[in-house]
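Have the model open in your viewer and try each exercise before you read its solution. Which residues would you click on first?

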Amino acid sequence: MLSFVISWALFAVIFYVIASAHGDLDHLGEEDWKPCIQNLKGFTAAFLYSVESQHTIGYGFRYTTEECAEAIIFMCLQAAVGVALQAFMVGVVFAKVQLPKKRAQTLLFSKNAVICSRDGKLCLLFRIGNMRRSLIIQSSVRAQLVHHRKTIEGELLPFHQHEMSIQLDSMSGSAFLAWPVTACHVITPSSPIYDLSKKSLERAKFEMIVILEGKTSFFKLKNEKLQGRHNQSSVVTCRTVPD
């Protein structure tokens, strides 16, 4: 809003200076005098003309004549500035709506990850929780391991990205994120951390990037009785995988 007020005032000053330099303010009411801007009698009138020109209101009472080329040039410039400001404001509002400040705080990842045995397989586990009132459906998780890799030829590849297969609970595809779920990466021979031992894992330098994708859904249950409900804490106590 402040940017619009500044632009209105700036062009109002310009139009007022143009009218004053042309002598329009000294010949008010003279029918034989042709001003640069018709019916501009002071700064207030110049400000109203600036607002009308920038937003194409066009009341028809004040208008630019062909007497002054500079008035026509600044009128065209103000029209372009007005369009640019409106486009900028639309972008700012759209960005605020799409990315609210506290949205990232409603999706929680466990601070620690753990490597343990599950169903006879060695797995890397961490948990994901949704704190919103709206549920997340068709959610899927992707993970990438970023590290320095050296090829057989001795070439060092900095920030090499390695895809890690992730499952949510026992779902092979998308999952229903209505409660905290456990993300599991089975450590197979194709896993980038398969060759790391406990000691080498503590010394290793890498970063694991987790990406959650899904759709939000809204629904409400009324007068429903839930029986046999099992509550389980979403806190995972384990050792942090080093960066």
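Predicted model: local features only at pLDDT ≥ 70, side-chain atom pairs only at ≥ 80, totals over all residues.

Residues are numbered from 1 along each chain as its sequence is written, and side-chain values use heavy atoms, with hydrogens and water left out.

**Exercise 1. Get an overview of the protein.**

Step 1: check burial. Of the 243 residues, 29% are buried (buried is under 20% relative accessible area, exposed over 50%, partly exposed in between, with a 1.4 Å probe and protein chains only).

Step 2: look at contact range. Contact means heavy atoms within 4.5 Å. Among contacts with a separation of 6 or more, 63% join residues 24 or more positions apart.

**Exercise 2. Describe how helix 1 and helix 2 pack.**

Step 1: get the geometry. Helix 1 (residues 2–22) and helix 2 (residues 43–54) have axes 8 Å apart and pack at about 125°. The axes are lines fitted to C-alpha atoms over the stretch in contact, and angles run from 0 to 180 degrees between N-to-C directions.

Step 2: classify the angle. The two helices are therefore oblique to each other (under 35 degrees is roughly parallel, over 145 roughly antiparallel, 65 to 115 roughly perpendicular, and the rest oblique).

Step 3: list the contact. Helix 1 brings residues including Phe 4, Trp 8, Phe 11 and Phe 15, and helix 2 brings residues including Phe 43, Phe 47, Tyr 49 and Ser 50.

Step 4: You get 13 nonpolar, three polar and no charged residues. Here Ala, Val, Leu, Ile, Met, Phe, Trp, Tyr, Cys and Pro count as nonpolar, Asp, Glu, Lys and Arg as charged, and the others, Gly among them, as polar.

**Exercise 3. Is Ser 50 buried or exposed, and what does Ser 50 touch?**

Step 1: Ser 50 counts as buried because its relative accessibility is 0%.

Step 2: leave out residues up to four places away in sequence, and Ser 50 touches Ser 7, Trp 8, Phe 11, Ala 12, Phe 15 and Gln 78.

Step 3: a polar atom of the Ser 50 side chain lies 2.9 Å from the backbone oxygen of Trp 8.

**Exercise 4. Work out the surroundings of Gln 86.**

Step 1: find Gln 86 in helix 3 (residues 69–98). With 34% relative accessibility, Gln 86 counts as partly exposed.

Step 2: beyond its neighbours within four places in sequence, Gln 86 contacts Phe 4 and His 55.

Step 3: the side chains of Gln 86 and His 55 make a polar contact at 3.3 Å (a pair of N or O atoms within 3.5 Å; within protein, one must be able to donate a hydrogen and the other to accept it, and residues adjacent in sequence count only if both atoms are side-chain atoms).

**Exercise 5. Where do Thr 56 and Asp 119 lie, given their positive phi?**

Step 1: Thr 56, with phi near 50°, is in the loop between helix 2 and strand 2 (63–64). Thr 56 is exposed, at 67% relative accessible area.

Step 2: Asp 119, with phi near 55°, is in the loop between strand 4 (114–118) and strand 5 (121–130). Asp 119 counts as exposed at 75% relative accessibility.

Key: Helix = DSSP H or I, 4+ residues; strand = E, 2+ residues; numbered from the N terminus.
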